[in-house]
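Let's take a look at how this chain is put together. Have the sequence and the model open side by side as you read.

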Amino acid sequence: MTKTDATAAPPRATREKGRAREADIIAAAESVLAHQGYEQFTLRNVAERVGMRLSHLQYYFATKGDLVRAVLAHVAATYEAKHREVLA
């Protein structure tokens with residue numbers, strides 16, 4: 001394998017599948033956070049909710065903080081989209 005092969009972008013289907021998996025993780029994390037609170041929120045709980053191994057979840061989000069930030073960004077983006085819709 002040449003250096004260019006190793007650094008080439010993954011195929012489009014792989015990227016789309018990864019984005020869909022990330023969205024599933026964020027949705028599960030939002031649910032766990034809402035129902036169990038921050039203190040009981042763990043990557044392991046989210047991994048169980050999504051049905052994946054903890055190590056696989058950590059491929060997408062290495063820490064609890066990373067995942068919480070992604071959840072908050074998702075909630076903020078959803079709120080902003082709904083807010084714009086109402087004001088349009």
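## The buried side of H2

H2 has these buried residues: Gly-18, Ile-25, Ile-26, Ala-28, Ala-29, Val-32 and Leu-33. Buried here means under 20% relative accessible area, with exposed over 50% and partly exposed in between (1.4 Å probe, protein chains only). Helices are DSSP runs (H or I, at least four residues), numbered from the N terminus. The buried residues of H2 pack against H3, helix H4 (54-60) and H5.

This is a predicted model, where local features need pLDDT of at least 70, side-chain atom pairs count only at pLDDT 80 or more, and totals for chains, interfaces and linings use all residues. Residues are numbered from 1 along each chain as its sequence is written, and side-chain values use heavy atoms, leaving out hydrogens and water.

## A kink in H2

H2 is kinked by about 80 degrees, centred on Ala-34; the bend is the angle between axes fitted to the seven residues ending at a residue and the seven starting there.

In one, Arg-69 pairs with Asp-66, with the closest N and O atoms 2.8 Å apart. Both lie in helix H5, three residues apart. Arg-69 counts as exposed because its relative accessibility is 52%, while Asp-66, at 28%, is partly exposed.

Arg-84 bridges to Glu-80, and there the closest N and O atoms are 2.5 Å apart. Arg-84 and Glu-80 are about one helical turn apart, because four residues separate them in helix H5.

How values were computed:
Helices (H or I, at least four residues) and strands (E, at least two) are DSSP runs, numbered from the N terminus. Contact means heavy atoms within 4.5 Å. A salt bridge is a side-chain nitrogen of Lys or Arg within 4 Å of a carboxyl oxygen of Asp or Glu.
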